[in-house]
Amino acid sequence: MSDREIIIRSLQKIDRRIRGNRLLRELMFGLSILLLVPVVFKIWDLFQPFRGVTVIAVLGLWFIGVVVYFASRLSRKGSLAHAAAAIDKKASLHDELKSAYWFVMNPTAVKRSTDWVELQVRRAAHQVIQLDVQRHYPTRIPSTSYAVVLLIALFVGLNFVPLSQNHNWAYLQAAPAFSLSAEEQRLINQTKQLLKQAEKLDQPELVKKLEEIVQNLQEGNIDTAEALRQLEDLRNQLDEGNLDMANINEGLDEMAKDLQGNPETDDIAKAMSEHDLQESADKLRELANELTKEDDAAKMKALEEALQQASDNNSPAMQKLADDMKNAANSLADKNSKGAQDALNQASKDLQNLADKVEQQLAKNSAAQQLQDLQDQIRQRQQQSQQGKEAQQQAGKGQQGQKSESADAANSDGESGDAEGSGAADQASGQGKEGQQAGKPGEGGQAGAQGQGQNPSGAGNAPMNIMGAPTKLNVQLEQEKLNAESEGGTPQNLEEASKQERSKLDYRNVRSELSPAQKDVLTQDKIPWEYKSLIKNYFQAIRPPRGK
Amino acid sequence: MSTAIDQQIETFQNQFKKVRDEVSKVIVGYSEIIDGVIMSLLANGHVLLEGVPGLGKTKLVSTLSNVMHLKFSRIQFTPDLMPADITGTNVVQESAVGEKFLEFQQGPIFANIVLADEVNRATPKTQSALLEAMEETTVTVGKTTFRLDAPFFVLATQNPLEMEGTYPLPEAQLDRFFMKLKVDYPTVASLHTIMNRTTRVEEPQVQRIVDKDQILEMRRVVRAVPIARPVQDYAIRIMLGTHPRPPYANATVMRFVRYGASPRGAQALVIGGKIRALLNNRVHVSCEDIRAVAYGALRHRVLLNFEGEAERVDTDTILKSILESTPEPN
């Protein structure tokens, strides 16, 4: 291997080592800085959870930034000349390798001293072979890599912090678009339970629909207004096919009245009068069971009449029960105890079914009420959110107006006076404007309504001056004497403030209050400033000593 | 071939060391000054020694001439010294037959080593008599040009400009000096040695070590040392850094310097660097060599402006700032 090859290969080896160490150091340093972004972002997320889209966007941009940084670092390639200079300095070679490398790469430039150059290259090659690259450039793990590991661990750990608001990004979790409060979640759960009961009323998939609405709302697929509308539709669905409870109760009351007075049906009548369908069904079943044991013809006759009377019920909801009563009465009239018993059992079953339906109807009503509460809650939050935004906007405008107001307090006072003079509505309007302008952040929502004029409706309706009041000079104008005459023609001396108007005098013609000496000092100075101290020192040096 | 070069280098180092050791027998301390003077001789340049009277400047030069088999002459510069007193002049001679003719009588400049003692005590007109000799190694009198023998080496001493009866050297002449060396007061230890050597009966004697041919050979060896372009570029950038113009000038130079060094300054840096490399047994010049000779090679080539003169800025301070602000080549 020639001296040239030895030098080149050795420098390549040194360059690789230098570049590796530099890359490791720079990448770890850069990464330790870059990792602060996701860590801070995650800590922020713990207090104010971000949506999945935001998280993906921020982390995506961060990742692109990291890739760009890495690419920029990796694309930076060193040169062998640089490696030679570096190892010269590191190993105190007095530019031996740097010179040798240049001689090797520029053989034609040093023709006149070829022998000397050969000797120099040979010495450099001999020197570079003996160099211990590992000793001069040891592979060290940069201290910033520990910070990188720490930050990664912190980032991962933050995702697993057991907080209710924490969303584990590792599991692709993020904050929903609409987060439900505990009260809203409770309402939804209760509504689901109630809807499950209501599904028995031939209205399946109500729970599924509610879950879809909530999920779409949380994922941001629908906005709050759309969610409210869909909840309203769901509630309307629940209202479909409602039982006419008034009609049922009326029928029960009428039937109870018919059955009243007969010892056999008194209990049933009582239960019906209390609108206790379950109890009524039980009593009817008991009556049916005891019917076969009964052999008193008078009692049967009385029972037949009571049932016959009860069957004469016009309530549509009770029609089936009335038919059963009628069948029982007819069977009793035919001395058919068995048939009467079956009819009464059937009546008991129908009543039982009605009881079940009523119970489910009550569940539907409760579910509808819960949905109504949920709608109210969401609507309230929507309104609060809008008010908050309006408050911020008005607070910003209020502060802007306040600044311009404070710039000319006297002028503002004058305007207030005008407002008072022109009427109550105007006054209220003017004060309303002040109220708006004085709005603070967070209170701006009410700022428009804080006018205290005599006509409250005028408060806050004053048009906002977005640009603020014009800036004016806050000066106390001199009182000047005016020659005036009273109505009687007698002269009077009046004093009033000068009128404020634009100057008619060119500013260049305004006489200066400076003395000629002062003006000279200001305008006549041909001594370069950097020589001033020298000249001063000179005159101080030649000044005669004191006392002479 | 490399063995021959190694031998040349070894010879160079030995002879240099012998001259230095021999001079050091008489001159105590001032090792850097001695090295600088010898380097200037080997660089085919001239040297200007500056220091207050009594520091041994003249003694140093005379000792150096005694160490070498060279013709030595001394010129004491005084205010009434005329150029012809240096170069020589045509005098009327009479032949054996009584015929009169003009014959050129060589002045003291016709020597190998010329000691121009207290050069700044002569007027600029007389000082300028050295210009041609220093640069061209020729002397022109009337219509005749005489070539001076090689090696020709001017060692000038001057008192600081603040001394009474001194004339500043013209910039053109200053530029012709390879180095300007400042001779400071010796240390206490050196003074003790000086007392011991100079107050006894016997005075130290020096031997002639090198002759003319050896010096010329040493000069040839110096010029053979190669320099890589990056290092040469470093020397040029330092030289350009003395000019109060961007892009190489720093703030100090821009503020205090009127004119910077000429290309002779860069030549001095490179040749001085080569000699230093040889003395350190290297066959290449390093940036460190350039820096080491920068003060001697450039301090007399940097001309201060009014502000620099007024604030009594030392050119070494400016050179230090230039060396600090000029990065080494990568």
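Where in chain B does B:P151 lie? In this predicted model, B:P151 sits in the loop between β8 (144–147) and β9 (153–158) of chain B. Helices (H or I, at least four residues) and strands (E, at least two) are DSSP runs, numbered from the N terminus.

Residues are numbered from 1 along each chain as its sequence is written, and chains are lettered from A and ligands numbered from 1 in the order in which they are written. As the model is predicted, local features need pLDDT of at least 70, side-chain atom pairs count only at pLDDT 80 or more, and totals for chains, interfaces and linings use all residues, while side-chain values use heavy atoms, with hydrogens and water left out.

Chain B has another cis bond, from B:P246 to B:P247, and here omega is near 10°. B:P247 belongs to the loop between α10 (229–241) and α11 (251–256) of chain B. For background, most residues other than glycine have a negative phi, and most peptide bonds are trans.

Next come the helix pairs. Axes here are lines fitted to C-alpha atoms, for helices over the stretch in contact, and angles run from 0 to 180 degrees between N-to-C directions. In chain A, helix α1 (residues 3–34) packs against helix α5 (residues 96–105) at an angle of about 120°, the axes being 10 Å apart. That angle makes α1(A) oblique to α5(A) (under 35 degrees counts as roughly parallel, over 145 as roughly antiparallel, 65 to 115 as roughly perpendicular and the rest as oblique). The two cross in a left-handed way (the near helix is turned anticlockwise from the far one by less than a right angle; clockwise is right-handed). On the α1(A) side the contact (heavy atoms within 4.5 Å) uses A:R4, A:I7, A:I8 and A:L11, and on the α5(A) side A:L97, A:A100, A:Y101, A:V104 and A:M105. Sorted by class, that gives 8 nonpolar, no polar and 1 charged residues (Ala, Val, Leu, Ile, Met, Phe, Trp, Tyr, Cys and Pro count as nonpolar, Asp, Glu, Lys and Arg as charged, and the others, Gly among them, as polar).

Also in chain A, the axes of helix α12 (residues 245–259) and helix α15 (residues 297–311) come within 8 Å and cross at roughly 160°. With that angle, α12(A) is roughly antiparallel to α15(A), and the crossing is right-handed. A:M255, A:D258 and A:L259 of α12(A) meet A:A306, A:L307, A:Q309 and A:A310 of α15(A), a set of 5 nonpolar, 1 polar and 1 charged.

Chain B puts 31 residues into the contact and chain A puts in 23 residues. Between them they bury about 2,300 Å², 65% of it on carbon and sulfur atoms (buried area is the accessible area, with a 1.4 Å probe, that two parts lose on being put together, summed over both). Across this interface the rule finds 1 salt bridge (a side-chain nitrogen of Lys or Arg within 4 Å of a carboxyl oxygen of Asp or Glu). A:R123 pairs with B:D6 in a salt bridge, with the closest N and O atoms 3.1 Å apart.

Over all chains the count comes to 32 salt bridges. One of them links the side chains of B:D21 and B:K17, at 3.1 Å from N to O. Because B:D21 and B:K17 are 4 residues apart in helix α1 (residues 2–26) of chain B, about one helical turn separates them.
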